[in-house]
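Subject: Structure handover

Hello,

Here is the structure for you to look over. My notes follow below it.

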Amino acid sequence: MKKFKKRTKEEKRSLVLKIISIACFSVALFLVFLTYLVTLPHIQARIAEIQDWFNRIEMFIGGLNKLWAFFTVIAFFVIKSVIPFVPLSVLFISSGLVFPAPLAAAINILGFAILVSAKYAWGKKFGGGSAHRVLVKSETVYDFMDLGGKGNWWMLVILRFVPFIPINTVSRIYGATAMDYWRFCLFSVLGFLPRIITWSIIGVNITDPFSVKFMAPIIILLSLTGISVLVLRTMLKYIDKKKES
């Protein structure tokens with residue numbers, strides 16, 4: 001504990017990110033083992049009883065009007081751009097519950113594009129907010145993200161790829177730059193695409209939570225989270241070195 005306190009702020013942050021990354025990979029490995037475990041015959045018998053309940057839920061959802069369901073999901077994305085009351089993952093899963101995986105992914109991409117567009121427009125009109133004002137105080141970060149110009153597109157992809165970086169905050173910050181809207185939208189979706197696809201597949205298979213089809217995307221999602229944290233850790237180390245020099 002004393003050794004941890006003696007570390008610099010940058011070293012502590014790097015260590016925490018490393019621990020988070022290791023934790024994600026560890027949970028992913030555990031789920032691989034769990035996926036094998038649920039294939040055993042005596043466990044399958046118990047799972048069949050639980051799965052019957054999920055099948056009833058699936059039949060109820062399947063009876064919903066698809067057009068009504070589409071507009072409802074999109075409406076939630078629009079509402080979330082103003083009031084962040086529902087986790088984004090829940091919206092992605094909801095599409096998967098009603099629609100096949102490819103269509104659910106397409107609807108979720110559209111919904112995500114609407115969400116980030118609203119905050120981009122807000123940033124364009126009113127500025128990037130308090131987070132933007134904090135970032136511009138660091139000359140290194142300012143240059144790194146090109147906040148005074150058209151915005152760094154590959155930095156935008158990384159920020160979308162890392163799961164715990166606020167989506168709306170990033171959208172407002174880039175809205176305050178001179179980045180073209182279509183480039184912003186394209187690279188935002190590109191960075192977020194792995195999560196959109198995996199959450200959509202999870203939604204499609206959520207009524208069969210003990211199957212490989214359900215477990216596999218969660219394992220992939222955790223692995224991607226671990227990788228993204230390592231990418232963020234490397235990027236922050238690079239920024240710290242730039243500050244020192």
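A helix here is a DSSP run of H or I with at least four residues, numbered from the N terminus. Ile 197 sits in one of these, helix α11, which spans residues 181-204. Please keep in mind that this is a predicted model.

Overall make-up

The protein has twelve helices and zero strands. From the N terminus on, the order of elements reads α-α-α-α-α-α-α-α-α-α-α-α. Of the 245 residues, 40% are buried. Take the contacts between residues at least 6 apart in sequence: 74% of them join residues at least 24 apart.

Back to Ile 197

Start with α4 and α5. Helix α4 covers residues 66-80, and helix α5 covers residues 88-98. Their axes come within 10 Å and cross at roughly 175 degrees. Angles over 145 degrees count as roughly antiparallel. The two helices are therefore roughly antiparallel to each other. On the α4 side, the contact uses Lys 66, Ala 69, Val 73, Phe 76, Phe 77 and Lys 80. On the α5 side, the residues are Leu 88, Leu 91, Phe 92, Ser 95 and Val 98. By class, the contact of α4 with α5 has eight nonpolar, one polar and two charged residues.

Next, α4 and α6. Helix α6 runs over residues 101-126. The axes of α4 and α6 come within 8 Å, with a crossing angle of roughly 25 degrees. Under 35 degrees counts as roughly parallel. So α4 and α6 are roughly parallel to each other. Their crossing is right-handed. From α4, the contact takes in Phe 70, Val 73, Ile 74, Phe 77, Val 78 and Lys 80. From α6, it takes in Ile 107, Asn 108, Leu 110, Gly 111, Phe 112, Ile 114 and Leu 115. The class count for α4 with α6 is ten nonpolar, two polar and one charged.

Last, α5 and α6. Their axes come within 8 Å and cross at roughly 145 degrees. This crossing is right-handed. By class, the contact of α5 with α6 has seven nonpolar and three polar residues, and no charged ones.

Aromatic pairs

How many aromatic pairs does the structure hold? The count is nine. Two of them are described here.

One is Phe 77 with Phe 92. The ring centres are 5.9 Å apart, the planes are at 40 degrees, and the pair is tilted. It links distant parts of the chain: Phe 77 is in helix α4 and Phe 92 in helix α5, 15 residues apart. Both Phe 77 and Phe 92 are buried.

Another is Trp 122 with Phe 126. Their ring centres are 4.7 Å apart and their planes meet at 45 degrees, so this pair is also tilted. Trp 122 and Phe 126 both lie in helix α6, four residues apart, about one turn of the helix. Trp 122 is partly exposed, at 40% relative accessible area. Phe 126 has 51% relative accessibility, so it counts as exposed.

There is also a cluster. Ring pairs link Phe 77, Phe 92, Phe 112 and Phe 192.

A loop residue

Where is Asp 146? It is found in the loop between α8 (139-145) and α9 (153-161). Asp 146 is partly exposed, with a relative accessible area of 32%. Leaving aside neighbours within four places in sequence, Asp 146 is in contact with Gly 151, Asn 152 and Thr 177. The C-alpha atoms of Asp 146 and Met 179 are 9.8 Å apart, and the two residues are 33 apart in sequence.

Best wishes

Notes
Residues numbered from 1 in each chain as written. Predicted model: local features only at pLDDT ≥ 70, side-chain atom pairs only at ≥ 80, totals over all residues. Heavy atoms only, no water. Axes fitted to C-alpha atoms, helices over the stretch in contact; angles between N-to-C directions. Left-handed = near helix turned anticlockwise from the far one by under 90°. Nonpolar A, V, L, I, M, F, W, Y, C, P; charged D, E, K, R; others polar. Parallel < 35°, antiparallel > 145°, perpendicular 65-115°, else oblique. Contact = heavy atoms within 4.5 Å. Phe/Tyr/Trp six-rings, centres within 6.5 Å; stacked < 30°, edge-to-face > 60°. Buried < 20%, exposed > 50% of the residue type's maximum accessible area, 1.4 Å probe, protein only.
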